[in-house]
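Trainee: I am new to this structure. Please show it to me, and let me ask about the terms.

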Amino acid sequence: MIRRLKWPAMAGLAVLAYLTLRDALPSPSEVWEVIAAADANWLLVAAVFQLLAMAVFARFFRRLLALGGVRVSRPRILAVTFARNAVAGSLPAGPVVSVAYTTQVFTKLGAGKRLIAAVLVLAAAYSGGTFGVLALVALVFSPETRVVTLIAVGGVVVLGVLVFKAGHLLDRLPKVAGQLRATFSTVGGTRRDHLRLAHLALLNWVLDVVSLGAVCVAIEATANPHTVLLGFVAAKTAAALAVVPGGLGVAEVGMAATYIAAGMSGGQAAAVVLLYRLVSYWMNLVLGWIAWILLHDPVRKATIGGLARLGSSLSPYVYDRHPTP
């Protein structure tokens with residue numbers, strides 16, 4: 001059902017973006033002028049917050065695995081997080097390949113199939129649920145979408161209650177409840193542990209939004225925090241609907257259309273999109289493939305050995321044990 005709706009949804013977004021952008025498309029020289037004037041310090045801040053967001057999600061995975069009895073070092077889980085992000089964002093059918101890759105890596109780390117499945121399901125649930133909270137905040141606090149959003153949320157709640165009372169879900173509920181109990185029992189942990197997981201998942205998104213905000217500050221864009229959040233939600237939603245790796249092209253158009261509709265100039269909107277994608281997509285992609293290479297044991301051992309030998313050769317305390325007479 002979702003696959004059938006993906007193409008109509010993308011077509012609708014494309015039409016909406018065209019109607020929004022057709023009279024505000026900037027020239028390349030205008031965009032470059034804005035980018036050239038960007039504050040490099042704030043761009044560095046944006047990059048740092050991106051790295052922090054990845055580190056938080058790595059901590060999320062590490063805590064989930066620890067609850068299931070698997071201990072992983074911080075450097076290793078950070079490398080896995082970067083690598084799986086690169087696989088998901090750059091290969092055809094990336095999310096599917098990323099699940100297979102993550103399963104393979106977690107198996108090498110000592111996790112069983114049930115634990116890996118539970119970790120991946122809970123990661124998707126926590127990440128999707130906290131993003132939904134951000135999206136709801138962005139839509140409710142926007143005067144243009146507040147009424148429609150509240151009506152839609154109310155309609156979904158009423159529909160859910162009616163369907164539940166009608167008994168259409170009663171036959172499936174025991175199976176769903178059983179699967180949920182099995183998932184949580186596999187991972188284990190207390191209610192406080194799972195609240196911390198939800199906090200980490202939300203913090204991951206918030207740090208990403210802050211990174212986008214730093215890019216806006218770098219080019220002195222005319223955007224308030226709510227507009228920044230709305231553009232972030234639009235970009236991530238468009239990327240989720242896209243069939244191309246990393247949502248390339250679709251995420252950019254969704255974010256640019258949102259910012260132009262909010263009153264930002266075409267040059268500023270394009271500059272924000274390009275610079276944000278540079279630090280949030282391309283930087284993480286490069287680091288992710290480097291991590292993917294280093295996660296291979298022979299490569300990692302050779303790299304560590306080479307760095308150790310290089311460090312020894314550069315050390316002022318190294319001396320020749322057999323000096324020539």
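Mentor: Here are some labels and the values behind them.
This is a predicted model, in which local features need pLDDT of at least 70, side-chain atom pairs count only at pLDDT 80 or more, and totals for chains, interfaces and linings use all residues. Residues are numbered from 1 along each chain as its sequence is written, and side-chain values use heavy atoms, with hydrogens and water left out.

Trainee: Why is S211 called buried?
Mentor: Buried means under 20% relative accessible area, exposed over 50%, partly exposed in between (1.4 Å probe, protein chains only). S211 has 0%, so S211 is buried.

Trainee: What makes W282 partly exposed?
Mentor: W282 has 43% relative accessibility, so it counts as partly exposed. Y281 has 9%, so Y281 counts as buried.

Trainee: Why are Y281 and W282 called an edge-to-face pair?
Mentor: Rings of Phe, Tyr and Trp (its six-membered ring) pair if their centres lie within 6.5 Å; planes under 30 degrees apart count as stacked, over 60 as edge-to-face and the rest as tilted. Y281 and W282 have centres 4.8 Å apart and planes at 85°, so they are an edge-to-face pair.

Trainee: What makes F57 and F60 stacked?
Mentor: Their centres are 5.3 Å apart, with 15° between the planes, so the pair is stacked. Both residues are buried.

Trainee: How do you know that R277 lies over the face of Y281?
Mentor: A charge sits over a ring if NZ of Lys or CZ of Arg is within 6 Å of the ring centre and within 35 degrees of the ring normal. R277 lies over the face of Y281, at 4.8 Å from the ring centre.
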